[in-house]
Amino acid sequence: MPHKQILIEETDENLLFLFIKNNEKDALGVLLQRYMASAYHLAYKYMRNQADAEDAVQKAFMNVMRYASDQNQPGMVKAWIMKTVINV
């Protein structure tokens, strides 16, 4: 299991790969933490309510975990995460 400090330096694609192939939850955690603020701001833009935006981000990130193996477009991890937020 890679140390979290090492994971921080990984690309989005590598973090997602580590989660999918090795069930490396720390890798997914680093990836989601990387986009937490952006996801929240995007959700808030649509919801206009703090609690609803937080719920939307939580649901979106659960969907990211559930459907991580479906993401197959290199270089599009951030866009995929943000699209997941919008679709909640």
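Analyst: This is a predicted model. Helix H2 (residues 12-22) and H3 have axes that come within 7 Å and cross at roughly 145°.

User: Which residues of H2 and H3 make the contact?
Analyst: On the H2 side they are Asp12, Leu15, Leu16, Leu18 and Phe19. H3 contributes Lys25, Ala27, Leu28, Val30, Leu31, Arg34 and Tyr35.

User: Left-handed or right-handed crossing?
Analyst: H2 passes H3 in a left-handed crossing.

User: On to H5. Which residues of helix H5 are buried?
Analyst: In helix H5 (residues 77-87), the buried ones are Val77, Trp80, Ile81, Met82, Thr84 and Val85.

User: What do the buried residues of H5 pack against?
Analyst: They pack against H2, H3 and helix H4 (50-67).

User: Why does Val77 count as buried?
Analyst: Val77 has 1% relative accessibility, so it counts as buried; the cut-off is under 20%.

User: And what is Val77 in contact with, leaving aside neighbours within four places in sequence?
Analyst: Asp12, Glu13, Leu16, Leu31 and Gln71.

User: How many residues apart in sequence are Val77 and Leu15?
Analyst: 62 residues in sequence, with 9.9 Å between their C-alpha atoms.

User: Now the surface. Which residues form a nonpolar patch there?
Analyst: Tyr46, Met47 and Ile86, which together have about 300 Å² of accessible area.

User: Where does Tyr46 lie, and is it buried or exposed?
Analyst: Tyr46 lies in helix H3 (residues 25-47). Its relative accessible area is 54%, so Tyr46 is exposed; exposed means over 50%.

Note on methods: Residues numbered from 1 in each chain as written. Predicted model: local features only at pLDDT ≥ 70, side-chain atom pairs only at ≥ 80, totals over all residues. Heavy atoms only, no water. Patch = residues over 30% accessible without salt bridge, like charges linked within 9 Å, V, L, I, M, F, W, Y side chains within 5 Å. Areas by Shrake-Rupley, 256 points an atom, 1.4 Å probe, with all protein chains shown as cover. Salt bridge = Lys/Arg side-chain N within 4 Å of Asp/Glu carboxyl O. Helix = DSSP H or I, 4+ residues; strand = E, 2+ residues; numbered from the N terminus. Buried < 20%, exposed > 50% of the residue type's maximum accessible area, 1.4 Å probe, protein only. Axes fitted to C-alpha atoms, helices over the stretch in contact; angles between N-to-C directions. Left-handed = near helix turned anticlockwise from the far one by under 90°. Contact = heavy atoms within 4.5 Å.
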